[in-house]
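Trainee: I would like to learn how to read the contacts of aromatic rings in a model, and I would welcome a worked case.

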Amino acid sequence: MARGTLRVFLGAAPGVGKTYDMLADGRRRAALGGDVVIGFMEDHGREPTRRMAEGLETVPRRELTHRGVTFTEMDLDAVLARRPEVALVDELAHTNVPGSRHEKRWQDIGELLEAGIHVVSTLNIQHLESLNEVVAHITGVTQRETVPDEVVRRADQIELVDLSAQALRRRMEYGDIYPPPRAREALTHYFREGNLTALRELALLWVADRVEEALQRYRGEQGIRAPWATRERVLVALSGGPEGLTLIRRGHRIAVRGAGGEFLALHVRRDDGLAEAPSAELERQRALTERLGGTFELVTADDVAAAVVEFARGVNATQIVIGASRRGRMKSLVAGKGVGTAIVEGSGEYIDVYVVTHEEAAHGRL
């Protein structure tokens, strides 16, 4: 039996329209002849959402009692018995009432997928486990319901439900998300424009990274070695000398010129152990790289230039930053082609190489 597919509507905050879009997707599928049911849907009292659910078959919820209070949850067994082609299941990160078969709704959805049922679900970015602390720092609110990032990354489709902070606040002011008293409080706390802008940026970046993963996987499967410049990705090649700090700062400036740019720093250790950089210098360079938001990598290889170029292709880098040679002119004539020249020659037509001058140029042992 083929496993079902998972589609997730991802939003930056409550009220952007995830559940509405999930139901609209279900209606489109049903109109095309698909067998679609609502496994679980929460309209939160929003009339447009409730109207969008009209006409779709709903599997009755299961009632559970916990500490003397009755709750309703998705009836997993009933959905499995009904065996639709597609099940619409809201709120992926929801925690089930004690007594349910699974603790989390994403685990319920996993069982539906194993049964060959396609699932469409919803999620807010603040419920991703990796962003829990970041969101708490931005909003002052700790999300207690989270879902592992890997569960969402395995989704077959992720659709971002995007809405500007200003538009979402207007929707709140009109009473389209919460009743007036609650809306007024939300607008001065969680729904402040700065909070919403930051959450939206998180959602955009997370989805962009997920797309990047899929692109890298596709390039690997197809044996594509030429970089595809979906974003600026700058690789700083470090010899381990004192000029490294200058190169890292330059690489960072290049990367941040464009939205979504990123940079990495790479030091290649020779297999023969020669010309090994002092560890204290490398540690300073690692610290600066990470402080500026970059990634520091160490690899070992016989051919330094070839290793830099191979690494750049592997991470889909668009630019390589290298330092001007520390070898004097006479030494270059005697020793032949240096690492920098080899990197330039090996980079090909798809990777730009920037040679940065520095105080150590033409003065060092290399």
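Predicted model: local features only at pLDDT ≥ 70, side-chain atom pairs only at ≥ 80, totals over all residues.

Trainee: How is a pair of aromatic rings described?

Mentor: A pair of aromatic rings is described by the distance of the centres and the angle of the planes. In this structure, a search of the whole model finds two aromatic pairs. One of them joins tyrosine 178 and phenylalanine 191, whose centres lie 6.0 Å apart with 80° between the planes, an edge-to-face arrangement.

Trainee: Where in the chain do tyrosine 178 and phenylalanine 191 lie?

Mentor: The pair links distant parts of the chain, 13 residues apart: tyrosine 178 belongs to the loop between helix H7 (165-173) and helix H8 (180-188), while phenylalanine 191 belongs to the loop between H8 and helix H9 (193-222). Tyrosine 178 counts as buried because its relative accessibility is 13%, under the 20% cut-off, and phenylalanine 191 is likewise buried, at 2%.

Trainee: Why is the pair of tyrosine 190 and phenylalanine 191 called tilted?

Mentor: Their ring centres are 5.8 Å apart and their planes stand at 55°, so the pair counts as tilted, since edge-to-face requires an angle over 60 degrees. Tyrosine 190 and phenylalanine 191 are both buried, and Tyr178, Tyr190 and Phe191 together form one aromatic cluster.

Trainee: Which charged residues sit over rings?

Mentor: Arginine 182 places its charged end over the ring of tyrosine 178, at 3.8 Å from the centre of that ring. Arginine 105 lies over the face of phenylalanine 40, 3.8 Å from the ring centre.

Technical notes:
Residues numbered from 1 in each chain as written. Heavy atoms only, no water. Phe/Tyr/Trp six-rings, centres within 6.5 Å; stacked < 30°, edge-to-face > 60°. Helix = DSSP H or I, 4+ residues; strand = E, 2+ residues; numbered from the N terminus. Buried < 20%, exposed > 50% of the residue type's maximum accessible area, 1.4 Å probe, protein only. Lys NZ or Arg CZ within 6 Å of the ring centre and 35° of its normal.
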